[in-house]
Amino acid sequence: MTPLETHDLLTFISAYDNRRFDDATVYAWNEALGDVSFEDGRRAVIEHFANSTEYLMPAHVRLGAIRIRNDRPPPTRLEIEAAPAVAVEDRSEETNELIRQLRDSLPNLGREVFRRPEWIRHRKLRDREWEATPNPHFVALPPPDGHPLPEEAEAS
């Protein structure tokens, strides 16, 4: 759950018990509920107020959300296994025509659209380093103890 979702959950809870909260409350609850999904947390809140008169704490939401998640049936894989893959050469002409029409109808956005932003930033930085030209006026870094003074300055 994100801090924004935690804020929304606390707003939802305040509709039940009129609690007041601030940013510190949101961040504290988010620390306790960060790995709980918003929908499971919301369902846990509803069940808590439907069955209990106790003041709601993050532990109540967390335990309820874990129970809801564990009670959920495992996802089925029927959709994945239902359609076997068809080799390109085994496709009918009608299927190939539909694929061509679909490709023509989609905009050509380029490969960069499907790349993650952090990968694009990393690649730009890497390319910048590779394509950089050295400064022709650079001689060397100064020694750790600083530049030595010229002899005239030491004599005076």
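Helices and strands here are DSSP runs, a helix having at least four residues and a strand at least two, numbered from the N terminus. On that basis the chain of this predicted model has eight helices and zero strands. Read along the sequence, the pattern is α-α-α-α-α-α-α-α. The chain holds 156 residues, of which 15% count as buried. Among contacts between residues at least 6 apart in sequence, 60% join residues at least 24 apart.

**Helix packing**

Two packed helices are described by the angle between their axes and the distance between those axes.

| Helix pair | Angle between axes | Distance between axes |
|---|---|---|
| α1 and α2 | about 105° | 9 Å |
| α2 and α4 | about 35° | 10 Å |
| α3 and α4 | about 110° | 8 Å |

Helix α1 covers residues 3–17 and helix α2 covers residues 23–33. With an angle of about 105° between their axes, α1 and α2 are therefore roughly perpendicular to each other, since angles of 65 to 115 degrees count as such. On the α1 side the contact is made by Pro3, Thr6, His7, Leu9, Leu10 and Ile13, and on the α2 side by Thr25, Val26, Tyr27, Trp29, Asn30 and Leu33. By class, the residues of this contact of α1 with α2 are eight nonpolar and four polar, with no charged residue.

Helix α2 also packs on α4, with the axes 10 Å apart. The crossing of α2 and α4 is right-handed. Trp29, Ala32 and Leu33 of α2 meet Pro58, Val61 and Arg62 of α4 in this contact. Five of the residues in the contact of α2 with α4 are nonpolar, one is charged and none is polar. Trp29 and Leu33 are listed for α2 in its contact with α1 and again in its contact with α4.

Helix α3 (residues 38–51) packs against helix α4 (residues 58–71) at an angle of about 110°. That angle makes α3 roughly perpendicular to α4. The crossing of α3 past α4 is right-handed. From α3, the contact takes in Asp40, Gly41, Arg43, Ala44, Val45, Glu47 and His48; from α4, it takes in His60, Val61, Gly64, Ala65, Arg67, Ile68 and Arg69. The residues of the contact of α3 with α4 comprise five nonpolar, four polar and five charged. Val61 of α4 is listed in the contact with α3 and also in the contact with α2.

Thr6 lies in helix α1. Its relative accessible area is 0%, so Thr6 is buried, the cut-off being under 20%. Leaving aside neighbours within four places in sequence, Thr6 is in contact with Met1, Val26, Trp29 and Asn30. Of these partners, Val26, Trp29 and Asn30 are among the α2 residues that make the contact with α1. Thr6 and Ala28 are 22 residues apart in sequence, and their C-alpha atoms are 9.6 Å apart in space.

Asn18 is in the loop between α1 and α2. Asn18 has a relative accessible area of 58% and is therefore exposed, the cut-off being over 50%. Although Asn18 is not a glycine, it has a positive phi of about 55°.

**Helix α6**

Helix α6 runs over residues 93–105 and has 13 residues. Helix α6 is hardly covered: one of its 13 residues is buried.

Notes: Residues are numbered from 1 along each chain as its sequence is written. This is a predicted model: local features need pLDDT of at least 70, side-chain atom pairs count only at pLDDT 80 or more; totals for chains, interfaces and linings use all residues. Side-chain values use heavy atoms; hydrogens and water are left out. The expected span of a helix is 1.5 Å times one less than its number of residues. Buried means under 20% relative accessible area, exposed over 50%, partly exposed in between (1.4 Å probe, protein chains only). Axes are lines fitted to C-alpha atoms, for helices over the stretch in contact, and angles run from 0 to 180 degrees between N-to-C directions. Angles under 35 degrees count as roughly parallel, over 145 as roughly antiparallel, 65 to 115 as roughly perpendicular and the rest as oblique. A crossing is left-handed if the near helix is turned anticlockwise from the far one by less than a right angle, and right-handed if clockwise. Contact means heavy atoms within 4.5 Å. Ala, Val, Leu, Ile, Met, Phe, Trp, Tyr, Cys and Pro count as nonpolar, Asp, Glu, Lys and Arg as charged, and the others, Gly among them, as polar.
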